[in-house]
Amino acid sequence: MITIDTPKRSEVDPKSWSPEVPATRPIATIQPFEVNGYGSGTRIACSRISLTNVHSHDPATVLLFHHSNGTHKELYYPLITRILSKNPGILCIGLDARNHGDSALLNYTPEGRSRLPSQPHPLLPARTPWIGNTPVREIEPPGDDAFLWWYPAHDVVCVLEFIREQYGASTRVLGFGHSFGGAMLTAAEFLRPGSFAKLYLVEPVIVSAETIWSVEVLTNKDPNKFPHPDSSTWVHSFVGPTRKRKREFADRNEARQYFQSKPFYKVWNKRCLELYLSHGLYETPSGKVALKCHPVQEDETFKGGIPRLFAALPIISVCCKVVSGAESHMVKIPALVDGASGKTKIKDEVIAEQLGAEHKYIPKGVHMVPLQYPDLIGKVKPFVRPITFLMG
């Protein structure tokens, strides 16, 4: 039996809590499983997480988690156990996007190349917004190396179909999506309206065409240079370092030293970093360990996009909450300029407005706040409480 732990009450006291405090009580079991994804041969690795003393074969509520780019489902276990400790009757399910985590081992080669046969063009609803005079559903996907986000969005739909088939059509499905994962859950709700009862979105990467074109087209005076409106070159600041990231290590101790030396990982809760080392790496035939999500694939995901999902937000009617880290570099991304006030609004503010959702900041939070404060994000004021919102 695989178990995961939840901290004691004292560990989430803002006066005494620290990431160094070890986990203390095994309370949950993890059951890995796979689901057929979108397109022939695609496999999506998932995990069921539930309390050891709770019969969850027929849950009334399922909470689906989707990770950020470059990470994987297991990193959210500390947050999941916090939610389970307060809501013991629910079933949590985590999934790995097709080129991340355990799904990457199923669908991609060690060199980061797809094992999948030619994929059908993602099917989009007839109500999909248009770009100029061309409906999005007629736009061809980018080149072979690019990663169009409609594909993993359809994979989420496949997981949702599995949940309905497994647990019944009346099962209440909630969603927690972080960054790229927030965009995927939102896109899945657009593709299949009514899939979710509620969505809790932490800095979802849903960027307007106006943002990108204002930065790129107006600067370069070349509207043909960036033909995919939701593929923004602001992500190029991530692309170079991501593709060059060290992928293979002699062992996990070497990997730990490497990641602990990087500012991006230094802010993570130590339990999350250990989960990254345990589940984000695999043993190679040569006896070394390597990242399951190849840096090339993480890079291509950064450069990918989901055309015009931003424009579709007003017709997505699911109850949502949008959350941002107050110190996140992502909150600085402008979305649009208000014509009346002249004020520039940030991406997450506008996403929340378009969805009719509440928007909150998490003090001291960075973009990776679910991995930075996995206990505090769901427990202690003034931090936003996904437990209360999702289960209310």
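Phe65 and Tyr76 are both buried, and they make a handy way into this predicted model. Their rings pair up, and a search of the whole structure turns up 17 aromatic pairs. Charged side chains get together here too, with a count of 14 salt bridges.

**Aromatic pairs**

- A pair of aromatic rings is described by how far apart the centres are and by the angle of the planes.
- For Phe65 and Tyr76, the ring centres are 6.5 Å apart and the planes sit at 45°, so this pair counts as tilted.
- Phe65 belongs to strand S4 (residues 61–66) while Tyr76 is in the loop between S4 and helix H1 (77–86), so the pair ties together parts 11 residues apart in sequence.
- Now look at Phe176 and Tyr200: their centres are 5.2 Å apart with planes at 15°, so this pair is stacked.
- Phe176 is in strand S8 (residues 172–178) and Tyr200 in strand S9 (residues 198–202), so their pairing ties together parts that are 24 residues apart in sequence.
- Phe176 is buried, at 0% relative accessible area, and Tyr200 is buried with 0% as well.
- Ring pairs also join Phe249, Tyr258, Phe259, Phe264, Tyr265, Trp268 and Tyr276 into a cluster.

**Helix H10**

- Tyr276 from that cluster is also one of the buried residues of helix H10 (residues 270–279), along with Arg271, Cys272, Leu273, Leu275 and Leu277.
- What covers the buried residues of H10 includes H1, helix H8 (252–260) and strand S11 (281–283), among others.

**Salt bridges**

- Side chains of opposite charge can pair when their charged atoms come close.
- Arg98 and Asp155 form a salt bridge at 2.7 Å, N to O.
- This pair links distant parts of the chain, 57 residues apart: Arg98 is in the loop between strand S5 (91–95) and helix H2 (101–107), and Asp155 is in helix H3 (residues 150–167).
- Arg98 and Asp155 are both buried.
- Glu34 and Arg43 meet in a salt bridge too, at 3.1 Å, N to O. Glu34 is partly exposed at 39% relative accessible area, and Arg43 is partly exposed at 26%.
- Finally, Lys73, Glu74, Asp96, Asp102 and Lys292 are linked in a network of salt bridges.

Methods. Residues are numbered from 1 along each chain as its sequence is written. This is a predicted model: local features need pLDDT of at least 70, side-chain atom pairs count only at pLDDT 80 or more; totals for chains, interfaces and linings use all residues. Side-chain values use heavy atoms; hydrogens and water are left out. Rings of Phe, Tyr and Trp (its six-membered ring) pair if their centres lie within 6.5 Å; planes under 30 degrees apart count as stacked, over 60 as edge-to-face and the rest as tilted. Helices (H or I, at least four residues) and strands (E, at least two) are DSSP runs, numbered from the N terminus. Buried means under 20% relative accessible area, exposed over 50%, partly exposed in between (1.4 Å probe, protein chains only). Contact means heavy atoms within 4.5 Å. A salt bridge is a side-chain nitrogen of Lys or Arg within 4 Å of a carboxyl oxygen of Asp or Glu.
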